[in-house]
Amino acid sequence: MSLTDVMDDVDYERQNFTQNEALTQHPLWLTESHFVYHLQRNADGHLTFKRDFDGEPICSPRPLKELSMQNMVAKPGRMECLKVHEMPSDLYPALLTEAIFQRSLQTVSHLVSTWPHPVLDVRGVLPPEEIFRCEHLTMPFDCQDNLSLMDSLMIGLLNLKPHSRLKLVNFTGFKHDRKMVRELARLPILWMKPSDRQPGYIHSLLRQTIVISKDKVQRYVNRIACIYANIDLQVRHGHTIGPITIMFDCKIMFDDVPIGLALQFETPFRYICQRVWTEPIVDVTLPLAVMQKVLNPRCISHLEIEDPDICSDLTRWDSLLEALLLLPSLRALSLPNTVHADRHVNAAYELNQVLRPLRALQRLNLASCNLRDCVEQLLHNLDQDLSYLSLRDCRLSELDIQALIQWPLIDGLRELNLSRNNLKTFAVLVVGLLHKMAATIVCFSVSFCSLSLVGLQQTVQKCKECLRLKILGIQSFTPPPLTEMREIIEDCADIATLQRCILLPEAYAFPGSQISQRAANRETIALMCREILVQLGRADVQLE
């Protein structure tokens, strides 16, 4: 289990880990047609209608300005008559927000193509009352020829007018939308004239940067022609614009992405990223050593690389280390299932040598790496202010836990994840570890660590001394007996700052002949645990 995402920036002091982010972002109103319904949050943070004495939801007419914009964006022909230089500077963003809200995609494309400002922040122009779903921008609309908001934004960019002042489009803030990343990476190929999309020509451009076969390029070109057959008819191919910088959270996990990055310099589009995720892609290789050619390394602040076999290929391992040295602004590094000391005996030492110069590093994730007996080498002489360290499922030994206790910077960690390591025989060391971190630790997990009931109870009792602890993970492979579970919950209730307690295993660990019965039994136990917390005056603690 993970506590927080290593690729997020977490304010441990202010973060409330029990709140639903989507609900907290939603404003206290809801627009429907020409009316605005007034909302309020209940004690649990959920939104409800404000109601009158008869129990009817209270609403009021939309402001005249918004009604005027609603009528304006509904008629794209009228929008094309507007004179950009004569409009108030704040009207264009408001019009784009209204066009998105009304799903007037033609108007969205026109407003983007004539954007009068140097920067377009996509998340900033989304209607504030729309919850950011996983695929908010890329979800097609049945009433719009299956086009999505992303399609309309891309059409606007590809048809950018000469008088537009647009220089940078910010698509960050949608890190879960993988489809959006793929579509942004297709901007270069869509800008190119269809006559220039010959597999041989495209392959000659790509092989300067990435390793890809001509057959793979042929399939890629065919796929683009099929997917964008309708959009191609609406695009001015090859016309001179820009350059336009596209800022986004880059997931190099699909063939479209390295292809788009490699083609960008043949087009007006340029990509920059602060957050980058990468993993091996079948039939396409973007060598880490040349990544700086397609992405500015000084802009990358968060990087995740997952490659289970890289330690078996010392050439690729050395390329990884060299690539990391080119990232002076790196604040978060995630290498899940990548650093395996059983395959490369010096992996931890060599990674340590590379981590030392990364002065901005704050968050380090090495989940599912084999680091047995290597933690001392890994952390030796690191003097950055690390706030996050995940060693989940790293096959840690007693020597590794002792190395953590003796590490001079252990008392600065805000989050430590040791889950899925076999700590059964040295629970006392876990207690000693908590003693060193008591003043600062906010999120801590020893879930699925085979700790005995006595070891779990000792751990929770020590957590009472942790002054800032908000999340505690103490799951075991099977649920504790009810008597011991009540004692653990009572101890958790005494942790004054606790917000989330992750105690119960998944449904598979509960009795029942079918998964539905197991899930029902789990929910029964969870309800009982929550009732105990209520009785103890800690209904504010979220128990999982």
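**Review notes on a predicted model**

1. Val 119 stands opposite Leu 168 in β6. The model is a predicted one: local features need pLDDT of at least 70, side-chain atom pairs count only at pLDDT 80 or more, and totals for chains, interfaces and linings use all residues. Residues are numbered from 1 along each chain as its sequence is written, and side-chain values use heavy atoms, with hydrogens and water left out.

2. β6 covers residues 168–170 and runs parallel to β5, with 3 bridges joining the two. Two strands pair if DSSP finds at least two bridges between them. Strands (E, at least two residues) and helices (H or I, at least four) are DSSP runs, numbered from the N terminus.

3. Now the whole sheet. It is open, with 4 strands in the order β5-β6-β8-β10 and parallel pairing. β5 (119–121) and β10 (269–272) are the edge strands, each pairing on one side only. On average, neighbouring strands are turned by 20 degrees against each other, direction ignored. The axes behind this angle are lines fitted to C-alpha atoms, for helices over the stretch in contact, and angles run from 0 to 180 degrees between N-to-C directions.

4. Aromatic pairs come next. Rings of Phe, Tyr and Trp (its six-membered ring) pair if their centres lie within 6.5 Å; planes under 30 degrees apart count as stacked, over 60 as edge-to-face and the rest as tilted. The count is 4 aromatic pairs. One of them is Tyr 37 with Phe 49: edge-to-face, 5.8 Å centre to centre, 70 degrees between the planes. Tyr 37 lies in β2 (35–41) and Phe 49 in β3 (47–49), so this pair ties together parts 12 residues apart in sequence. Tyr 37 is partly exposed at 23% relative accessible area. Phe 49 is partly exposed at 31%. The scale: buried is under 20%, exposed over 50%, partly exposed in between (1.4 Å probe, protein chains only).

5. Phe 248 and Tyr 271 make a tilted pair, 5.4 Å centre to centre with 55 degrees between the planes. This pair links distant parts of the chain, 23 residues apart: Phe 248 is in the loop between β8 and β9 (250–252), Tyr 271 in β10. Phe 248 is buried at 1%. Tyr 271 is buried at 3%.

6. Two charges sit over rings (NZ of Lys or CZ of Arg within 6 Å of the ring centre and within 35 degrees of the ring normal). Lys 251 lies over the face of Trp 277, 3.8 Å from the ring centre. Arg 123 lies over the face of Phe 174, at 6.0 Å.

7. His 237 sits in the loop between α12 (229–232) and β8 (244–247). His 237 counts as buried because its relative accessibility is 19%. A polar atom of its side chain lies 2.9 Å from the backbone oxygen of Leu 190. Contacts (heavy atoms within 4.5 Å) of His 237, leaving out residues up to four places away in sequence, include Trp 191, Lys 193, Arg 197 and Asp 232.

8. Asp 400 belongs to helix α18 (residues 398–406). Asp 400 is buried, at 1% relative accessibility. Beyond four places in sequence, Asp 400 touches Leu 371, Arg 372, Asp 373, Cys 374, Val 375 and Arg 395. Lys 436 is 36 residues from Asp 400 along the chain, and their C-alpha atoms are separated by 15 Å.

Definitions and conventions: A polar contact is a pair of N or O atoms within 3.5 Å; within protein, one must be able to donate a hydrogen and the other to accept it, and residues adjacent in sequence count only if both atoms are side-chain atoms.
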